[in-house]
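Here is a friendly walk through the rings, cores and loops of one protein model.

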Amino acid sequence: MQHKELRIALVCYGGVSLAVYMHGVTKELWRALQASRAFSSGESPAEGTAKVYVDLLRRLKSVGNVRLRVLTDIVAGASAGGINSIFLAQAIHSGQSLDPLTDLWLETADIDSLLAPEARPGSRAAKFWASPLVNYLLHRRGNAVSATVAPETRAEVREKLSRLIRSRWFEPPFSGIGLSRLLHRALTTMAEAPAGMPLLPAGHPLDLFVTATDFKGHLETLRLHSPEVVLESEHRLTFGFHGVAGREGGEGLAPIPELVMAARASASFPGAFPPLRVAEIDRLVDEEGAAWPTRDSFLARTMPRHAAQGDLDAVSLIDGSVLVNAPFADAMAVLKGRPASREIDRRFVYIDPTPDRLGAEMRRDPQLPGFFSVIFGALSSIPREQPIRDNLEALAEQSREMATLREIVLAMRPQIEEAVEKLFGHTLFLDRPTPRRLAAWRSRAQVAAFEQAGYAYHGYAQVKFTGILATLSRLVMEAAPEADFSSESVHATLVAHLAEHGIDRRAGLQDARSATMIGFFRAHDLAFRVRRLRLLARRVTQEWVEEAGVTEQDRDAARTAIYDALGYYLACEPLTALGEEFSELAYKFLSDPGAVLTHVEGKRRLEETDAKVDALLAGALSAMPQALRRRVLLAYLGFPFYDTVTLPLLRGEGLNEFDPVRVDRISPEDCRGIREGGTGGTLRGTEFYNFGAFFSRAYRENDYLWGRLHGAERVMDMIVSTLAPEHAMSQAELLGFKRRAFLAILDEEK
């Protein structure tokens, strides 16, 4: 059985009241993740759509010989999409239920509930002098309510809108602390309910990113040629959370006050909610009688410049979608170095309820844009919607490069395998490998790759050396974020220190047999080891040629050993692996770079890890059929030849996967399993300029339900798309699974 993981990086847009629809989508994705975890652990399937997902996964197992695990390990969101992202990430990490968020959206995401108590009109007579004006605005020919709201709910919308207009003027009508209380109540309800198991494998990382906008901004240092240093105001701010899945449920991704702060800041719609200040969260914590021991470290991590300047109390945070409505960049940044125990199908999935928003209407208008429309368009919709194209093009370009590199590797294989066989002779593949032999064979293959590559090997060594320096510099900068030095000065200090100790890139790298250079690479070239095992995993999993006497069980045992070995090296990569004391050394790097290098070498102990990996692989190789062992050894010992060619093509980026990252959208425009019509034919929150669902419980129920239905449809599409073309499921059979899911959703929500 081929084991495979469908890994989803989810991006949730802002969209005012359309957040209710997005919650329906994330709720259904959460159901699919629950079902996948149950299926992978052999548990009995739950009722509802979870049972349908389990049956679909079983069908993939029977028709495509694929045992699939569905994971969401990266989540990013902006504005109200940030709220959905936070609650989904918390549910994934802790095993807690998402139902409290459903209650939050349906019961309290209403104009009347959100109005600040001090802003409410005290009676119908409040601002009585404004009533004629309000009545005229809400009933005149062509008014916004008549133009954008369905007839059956116009009376409800007009009544609530009247109260909103007659509330306090020139101040945000909605309560900031009120929203914080609602968020805190929902997260607390989640935490107090019985929790299931985490929805990620134990030890797997989860990253959450939520955008906000620093209204006043903070100064960032830019280093130029002339002048050497300038200051630029930066307003983008991202709340980042990182966790590692445990073996038991119930542990939150972060303290609740920190999650509340990120959600409240990201959803502070300008003009509707007051900007968030830290004092509001402090007040909330005091009201709840709770503790927040990580407060200072959290604020220093998320707002380091303000923390260093001591002006945290003056920071004002507003809606994250003002500058970044589609936070792809943060999600893309953590793709590197994700652990892998099986073949990976990586997807970026974004939820977009209204793909064109006002664009179609604007394009149909033949008139020249007016004075105010140009100003408001420039300030609102255009900056928020444009960045996604740049991010998706970057992903597409990266995927094209990966595909090209994979073709290069396939084309090189016959020549490299022939070179390895000549180097070792056929008797190599008849012997029983031992850890000592494996280490000796590796060294011999490395020297042969150097000799046969000629002058090209020097360029390869330069790229490897540069990559190690870049990694060490990055670790220092991450460990000392407030240090008064730049990455350029760290790099220069590192180069100078190594040159003093005989590790000179100009001279030393030309001799592949130099004991000093060999010692340096053995101590610090972690990326080389990771790339080698990833190539091996691809060889066994994706680039396999059927051979007599080799079963799928043999290949699965080989994959397991390879990924177990890879886990040893991946555990050395993160900053946390270097211990808490590394930060103190990093701040002193310019004066004592040797202490940092010694510490990194001592903590990673790569040569000791090599011995563990050799023992693991030698045992696995000995248990393999001869044909499989031969193929694995050809790839393993041939890796220096592959790496000599491919690493310079990667420009030292150190990409570990040659597999493309695919992008999927979830939108009403893509879901036709029930009806045509897209957004206009299904959603009601789009009315009244996307505020519609905040004026009507019926609208919220409608959009939430369509979100679940569309989520089920698109999640099933993604699951089935992991099958190889020769095992593709028919549309008729897939529609049968979707119909079962639709009916299960209706039964559950009735």
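## Aromatic pairs

The count comes to 11 aromatic pairs, where rings of Phe, Tyr and Trp (its six-membered ring) pair if their centres lie within 6.5 Å, and planes under 30 degrees apart count as stacked, over 60 as edge-to-face and the rest as tilted. Helices (H or I, at least four residues) and strands (E, at least two) are DSSP runs, numbered from the N terminus.

Why is the pair of Phe-520 and Phe-521 edge-to-face? Their planes stand at 65°, with the ring centres 5.9 Å apart, so the pair falls into that class. Phe-520 has a relative accessible area of 4% and is buried; Phe-521, at 15%, is buried too. Here buried means under 20% relative accessible area, exposed over 50%, and partly exposed in between (1.4 Å probe, protein chains only). Phe-465 is likewise buried.

This is a predicted model, in which local features need pLDDT of at least 70 and side-chain atom pairs count only at pLDDT 80 or more, while totals for chains, interfaces and linings use all residues. Residues are numbered from 1 along each chain as its sequence is written, and side-chain values use heavy atoms, with hydrogens and water left out.

Elsewhere, Tyr-13, Phe-328, Phe-348 and Tyr-350 make up one aromatic cluster.

Two rings also carry a charge over the face, meaning that NZ of Lys or CZ of Arg is within 6 Å of the ring centre and within 35 degrees of the ring normal. Lys-464 lies over Phe-528, at 4.4 Å from the ring centre. Arg-301 lies over Phe-241, at 5.9 Å from the ring centre.

## The nonpolar cores

Phe-241 turns up again in the largest nonpolar core, which has 111 residues. A nonpolar core is a set of buried Ala, Val, Leu, Ile, Met, Phe, Trp, Tyr and Cys residues joined through side-chain atoms within 4.5 Å. Phe-87, Phe-239, Phe-241, Met-261, Met-303, Leu-317 and Ile-719 touch the most other members. Helix H1 (residues 19-40) gives the largest share of this core, 11 residues. A second, separate core holds 50 residues, including Val-613, Leu-617, Met-624 and Leu-647. In soluble globular proteins, nonpolar side chains tend to be buried together.

Contact means heavy atoms within 4.5 Å.

## Buried residues in loops

Val-16, in the loop between strand E1 (2-12) and H1, has a positive phi near 55° although it is not glycine. Ser-79 sits in the loop between strand E2 (66-78) and helix H3 (80-94), and its phi is near 60°, again positive in a residue other than glycine. Val-16 counts as buried at 16% relative accessibility, as does Ser-79 at 5%.

Leu-276 is found in the loop between helix H10 (256-266) and helix H11 (278-288), and at 1% relative accessibility this residue counts as buried. Beyond its neighbours within four places in sequence, Leu-276 is in contact with residues including Met-261, Ile-281, Val-315 and Leu-317. Leu-276 and Ala-262 are 14 residues apart in sequence and 9.7 Å apart in space, C-alpha to C-alpha.
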